[in-house]
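Reader: I have a model open and want to talk it through. Can you take my questions as they come?

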Amino acid sequence: QVQLVESGGGLVQAGGSLRLSCAASGRTFTNYAMAWFRQAPGKERAFVATISWSGITTYYADSMKGRFTISRDNAKNTIYLQMNSLKPEDTAVYYCAADPIPGLKREDEYHYWGQGTQVTVSS
């Protein structure tokens, strides 16, 4: 029903920046919530950030506050994750998730997921 494709990952040195994109196609949900998650090697997938349809409401995991910024372009059905001051511990596969029901929700409540994009931060 909805397909999500992440892009923008790559290799970057500590202190550098990357901007991830997640493009959604298929059925459009006007008020759907979208979020970023990540999974580091050997660890479970964890929440990164989420954003409301209007873009007014955002929420970040504590370790990302002040460094990461989530945004969206509804005309393109795309969300972004600007990552600054990257640290080696940010190394992970970053996943985009979407759900037609707005509001903050836990990982298993998202209906749609992308395939992920690799982010590697070297020290």
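Reader: Which residues touch the most other members in the largest nonpolar core?

Author: This is a predicted model. In its largest nonpolar core, which has 31 residues, L4, W36, L81, M83 and Y94 touch the most other members.

Reader: Which elements give two or more residues to this core?

Author: They are β1 (2–7), β3 (18–26), β4, β5 (46–51), β7 (68–73), β8 (78–83), β9 (92–99) and β11 (117–122). As background, nonpolar side chains in soluble globular proteins tend to be buried together.

Reader: Take L4. What is L4 in contact with, leaving aside neighbours within four places in sequence?

Author: L4 is in contact with C22, A23, A24, M34, C96, A97, A98, Y112, W113, G114 and Q115.

Reader: W113 is on that list. How many aromatic pairs are there by the ring-centre rule?

Author: The count is six aromatic pairs. One of them joins F37 and W113, with 5.0 Å from centre to centre and 50° between the planes, and this pair is tilted.

Reader: Where in the chain do F37 and W113 sit?

Author: F37 is in strand β4 (residues 33–39) and W113 is in strand β10 (residues 112–113). The two residues are 76 residues apart, and their pair links distant parts of the chain.

Reader: F37 first: buried or exposed?

Author: F37 counts as buried because its relative accessibility is 2%, under the 20% cut-off. W113 has 23% relative accessibility, so W113 counts as partly exposed.

Reader: And why is the pair of Y110 and W113 edge-to-face?

Author: The planes of the Y110 and W113 rings are at 75°, and an angle over 60 degrees counts as edge-to-face. The ring centres of Y110 and W113 are 6.2 Å apart. Y110 has 5% relative accessibility and therefore counts as buried.

Reader: Which residues form one aromatic cluster?

Author: F37, F47, Y59, Y110 and W113 form one.

Reader: Which arginines lie over the face of a ring?

Author: R45 lies over the face of W113, at 3.8 Å from the ring centre. R19 lies over the face of Y80, and there the distance to the ring centre is 4.0 Å.

Reader: New topic. How many helices and strands does the protein chain have?

Author: The protein chain has zero helices and 11 strands. Read from the N terminus on, its elements run β-β-β-β-β-β-β-β-β-β-β.

Reader: What about V12, and where is its place?

Author: V12 is in strand β2 (residues 10–13). Its relative accessibility is 12%, so V12 counts as buried.

Reader: What does V12 touch, not counting residues up to four places away in sequence?

Author: V12 touches S17, L18, L86, T120, V121 and S122. V12 and S122 are 110 residues apart along the chain, and their C-alpha atoms are separated by 6.3 Å.

Reader: Now the whole chain. What is its radius of gyration?

Author: The protein chain has 13 Å. The C-alpha trace spans about 40 × 25 × 25 Å along its principal axes.

Reader: What share of the residues is buried?

Author: Buried residues make up 44% of the 123 residues in the protein chain. The accessible surface comes to about 6,400 Å², and 49% of that belongs to carbon and sulfur atoms.

Reader: And what share of the contacts with a separation of 6 or more comes from residues 24 or more positions apart?

Author: Such residues account for 57% of those contacts in the protein chain.

Technical notes. Residues are numbered from 1 along each chain as its sequence is written. This is a predicted model: local features need pLDDT of at least 70, side-chain atom pairs count only at pLDDT 80 or more; totals for chains, interfaces and linings use all residues. Side-chain values use heavy atoms; hydrogens and water are left out. Rings of Phe, Tyr and Trp (its six-membered ring) pair if their centres lie within 6.5 Å; planes under 30 degrees apart count as stacked, over 60 as edge-to-face and the rest as tilted. Helices (H or I, at least four residues) and strands (E, at least two) are DSSP runs, numbered from the N terminus. Buried means under 20% relative accessible area, exposed over 50%, partly exposed in between (1.4 Å probe, protein chains only). A charge sits over a ring if NZ of Lys or CZ of Arg is within 6 Å of the ring centre and within 35 degrees of the ring normal. The radius of gyration is taken over C-alpha atoms; the globule rule is 2.2 Å times the number of residues to the power 0.38. Contact means heavy atoms within 4.5 Å. Accessible areas come from the Shrake-Rupley method with a 1.4 Å probe; for residues, only the protein chains shown count as cover. A nonpolar core is a set of buried Ala, Val, Leu, Ile, Met, Phe, Trp, Tyr and Cys residues joined through side-chain atoms within 4.5 Å.
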